[in-house]
Amino acid sequence: MRDRLLAISRVLGQLSNAALWVAGTGLVAMTGIVAYQVFMRFVINSSPAWTEAGAIMIMTWFIFLGAAVGVRENFHMGFDVLIYVLPPGSKSWLRALSDICVFAFAFGMVFYGGELAIRFWSTRIPVLGLPTAFTYFPIVVSGVLMCLFSLERLLLRAAGEPIDDIPVDPTITEA
């Protein structure tokens, strides 16, 4: 069972790295689009209509994907202040409670973000020509990733893995 969990954790680590690369690429792309918009507006005096909406759409993607990666890397909000005040045995319980809260919040993102995406599928973003649902897809995708990553942490903790003592990736073993 432990080996299977660690194998799943390795796959989720690769998924997290892929999300991080997509988010980083989005940041670079958004920067390029904004630079293009500024050049077109102030030098050519003819700014394309799609640049602002496109940059915002890309920004939404990299923010939500980055938040999902933050859940896997344990950079999300938690009960860290209580960990220092309560007895050491409460650390794993508080971290588990934090992961449960993250899972519940992320599940709400998937559910309600999905409802919004379905509701606005038939309308279009005028300057991009895309369905308005594309605005809500980052919420759903990020919510799914957050659910997976928080569930991973809960299962690894339940299997006895010392993930609360490991600051980075539980699948990396030291030689």
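## Basis of the model

The model is predicted: local features need pLDDT of at least 70 and side-chain atom pairs count only at pLDDT 80 or more, while totals for chains, interfaces and linings use all residues. Residues are numbered from 1 along each chain as its sequence is written, and side-chain values use heavy atoms, with hydrogens and water left out.

## Overall fold

The protein chain contains five helices and zero strands; these are DSSP runs numbered from the N terminus, with helices being H or I of at least four residues and strands being E of at least two. The radius of gyration of the protein chain, taken over C-alpha atoms, is 20 Å, well over the 16 Å that the globule rule gives for 175 residues, so the chain is more spread out than a compact globule. The globule rule is 2.2 Å times the number of residues to the power 0.38.

Along its principal axes, the C-alpha trace spans about 65 × 40 × 35 Å. Buried residues account for 38% of the 175 residues (buried means under 20% relative accessible area, exposed over 50%, and partly exposed in between, with a 1.4 Å probe and protein chains only).

## Helices H1 and H5

The 43 residues of H1 should span 63 Å at 1.5 Å a residue, and the end C-alpha atoms are 61 Å apart, which agrees. The expected span is 1.5 Å times one less than the number of residues. Helix H5 (residues 137-158) has 22 residues and reaches 32 Å from its first C-alpha to its last, close to the expected 32 Å. Just after H5, Gly160 takes a positive phi of about 95°.

## Two asparagines in loops

Most residues other than glycine have a negative phi. Asn45, however, has a positive phi of about 65° and is found in the loop between helix H1 (2-44) and helix H2 (50-72). With 67% relative accessibility, Asn45 counts as exposed.

Asn74 also has a positive phi, near 65°, and its place is in the loop between H2 and helix H3 (80-85). At 23% relative accessibility, Asn74 counts as partly exposed.

## Surface patch and aromatic rings

Val34, Val38, Phe39, Phe42, Val43 and Ile44 form a nonpolar patch on the surface, with about 570 Å² of accessible area together. Val34 lies in helix H1 and is partly exposed, with a relative accessible area of 34%. Such a patch joins nonpolar side chains (Val, Leu, Ile, Met, Phe, Trp, Tyr) within 5 Å, from residues with over 30% relative accessible area and no salt bridge (a side-chain nitrogen of Lys or Arg within 4 Å of a carboxyl oxygen of Asp or Glu). Accessible areas come from the Shrake-Rupley method with a 1.4 Å probe.

Ring pairs link Trp121, Phe134 and Phe137 into a cluster; rings of Phe, Tyr and Trp (its six-membered ring) pair if their centres lie within 6.5 Å.

Terms used. Patches are made of residues with over 30% relative accessible area and no salt bridge: like charges are joined within 9 Å, nonpolar side chains (Val, Leu, Ile, Met, Phe, Trp, Tyr) within 5 Å. Rings of Phe, Tyr and Trp (its six-membered ring) pair if their centres lie within 6.5 Å; planes under 30 degrees apart count as stacked, over 60 as edge-to-face and the rest as tilted.
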